[in-house]
Amino acid sequence: MKVAIVGAGQLGRMLAQAAYPLGIATEFYDKSADTPGGQVAPIVTGEFDDLAKLTALAGRADVVTFDWENVPVASLEAMRRATPVCPDPGVLAVAQDRLLEKTLFRDLGIPTPPFAPVDLRSDLAAAIRRIGRPGILKTRRFGYDGKGQARIRTARDDDRAWAALGGEPLIYEGFVDFTREVSLIAARSRRGERAYYPLTENVHEHGILASSSSPCRSPRLQAAAERHVGAILERFGYTGVLAVEFFVAKGALIANEMAPRVHNSGHWTIEGAVTSQFENHLRAILGLPLGSTAARGHAGMVNFVGRVPRLERALAEPGLHLHLYGKREARPGRKLGHATVVASTAKARDRALGRLLRLR
Ligand code: AMP
């Protein structure tokens, strides 16, 4: 069996690593060979709109998937004429646009922050009149890790936010005064089998995921999250892993965004769950039985952003599982690796997580 992976970042690399023990071959596609994925499996290089190259790759695979959300939908549509593409490019089209995404949530009865589309300066004024401040102005497309966002706290921020982002299609969202952020990672196979991981609690710094802990035990929130994510899975007849991020405010879930792919907040599943999100994504898209999503203990994960710890120092930490992505350039804000610990109690996990945070 062979899986073609469009995008050869760290997510693709960890998919390829999960494919090896199952005897599943992978082949990447990205602009450069010296990428996290290209270092561990064969890769074809080219532009993301080179339909001839992409279609030839699809023709060599049993299924096509992607590790990057900004792959042009038209490229995946072209590949689909040769080979099934999972998840469906139609879901990616929704996830690429914050307005379509929030509209989907609303249509499915999933709570969201109040939102309004903003194309003109006058739309922003109208949105602020309706939704109020504080709020966040975001680009509808190509925003990730807090990029393409401007906070609006007082009237003085309106012009500054517009000057920073105006001219592109935007969305204005009411600011959610949340107590916690959580995510749910789910898998649905080609055969319709579904599985949900335990909820994960996430801490962001400057809009970038800093650390995750799981399980975040709340049977009530777990059930609500599974209901919401299940509705998205069924709407699309979804195939693969899907991650949805929520705010917890006044004890209830408010959906922020979804990612139709394996997700950073699920990296703990490599060591902390019976079957990792990467393996379950492969199983789902190949129509194989899904593996158990049960936690093996209490997991904590820390991202290394902009710099990585010295190997000697990190590996002195008992029980640490280190994953470095092989990126040559250490730019600020760039995810370069992560580390996970799995402990037998939440308390022990929190202590270990504190030590991992100090490695950064
Ligand atoms: P995003 O790129 O939409 O995931 O935003 C990155 C981070 O910014 C989120 O994880 C939150 O910490 C924060 N954020 C985004 N939207 C909102 C909102 N409407 N209210 C409060 N915080 C937000």
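User: What makes a set of residues a nonpolar core in this predicted model?

Analyst: A nonpolar core is a set of buried residues of the kinds Ala, Val, Leu, Ile, Met, Phe, Trp, Tyr and Cys, joined through side-chain atoms within 4.5 Å. In this predicted model, the largest such core has 34 residues. Val3 and Phe278 have the most contacts inside this core.

User: Which helices and strands supply at least two residues of this core?

Analyst: Two helices do, H1 (10-19) and H10 (277-285). The strands are E1 (2-6), E9 (180-188), E13 (240-249) and E15 (298-305). H1 gives the most, with six residues.

User: What makes H1 largely enclosed by the rest of the structure?

Analyst: A residue is buried when its relative accessible area is under 20%. Nine of the ten residues of H1 are buried, so the helix is largely enclosed. Among them are Leu11, Met14 and Leu15, along with Gln10 and Arg13.

User: How do you know whether Arg98 is buried or exposed?

Analyst: The relative accessible area of Arg98 is 6%. The cut-off for buried is under 20%, so Arg98 is buried. Arg98 is found in helix H5 (residues 98-107).

User: What makes the pair Arg98 and Glu257 a polar contact?

Analyst: The two side chains make their contact at 3.2 Å.

User: What makes up the shell around the ligand?

Analyst: The shell divides into five nonpolar, six polar and five charged residues. Of the 16 residues around the ligand, Lys138, Gln149, Val176, Glu181 and Glu257 come nearest. Strands E6 (135-139), E8 (170-174) and E14 (252-259) each supply at least two residues of the shell.

User: Why is the ligand said to lie between domain 2 and domain 3?

Analyst: Domain 2 (114-174) and domain 3 (180-359) both give residues to the shell around the ligand, so the ligand lies between them.

User: Why is Leu359 called buried?

Analyst: Its relative accessibility is 3%. Buried means under 20%, so Leu359 counts as buried. Leu359 lies in the segment after helix H12 (346-358). Between Leu359 and Arg313 there are 7.9 Å in space, C-alpha to C-alpha, and they are 46 residues apart in sequence.

User: What makes Gln96 buried, and where does Gln96 lie?

Analyst: Gln96 has a relative accessible area of 8%. With the cut-off at under 20%, Gln96 is therefore buried. Gln96 lies in the loop between helix H4 (89-95) and H5. Gln96 and Pro260 are 164 residues apart in sequence, with 9.7 Å from C-alpha to C-alpha.

How values were computed. Residues numbered from 1 in each chain as written. Predicted model: local features only at pLDDT ≥ 70, side-chain atom pairs only at ≥ 80, totals over all residues. Heavy atoms only, no water. Near = heavy atom within 4 Å. Helix = DSSP H or I, 4+ residues; strand = E, 2+ residues; numbered from the N terminus. Nonpolar A, V, L, I, M, F, W, Y, C, P; charged D, E, K, R; others polar. Domains from an automatic or database assignment. Buried < 20%, exposed > 50% of the residue type's maximum accessible area, 1.4 Å probe, protein only. Polar contact = N/O pair within 3.5 Å; in protein donor to acceptor, adjacent residues only side chain to side chain.
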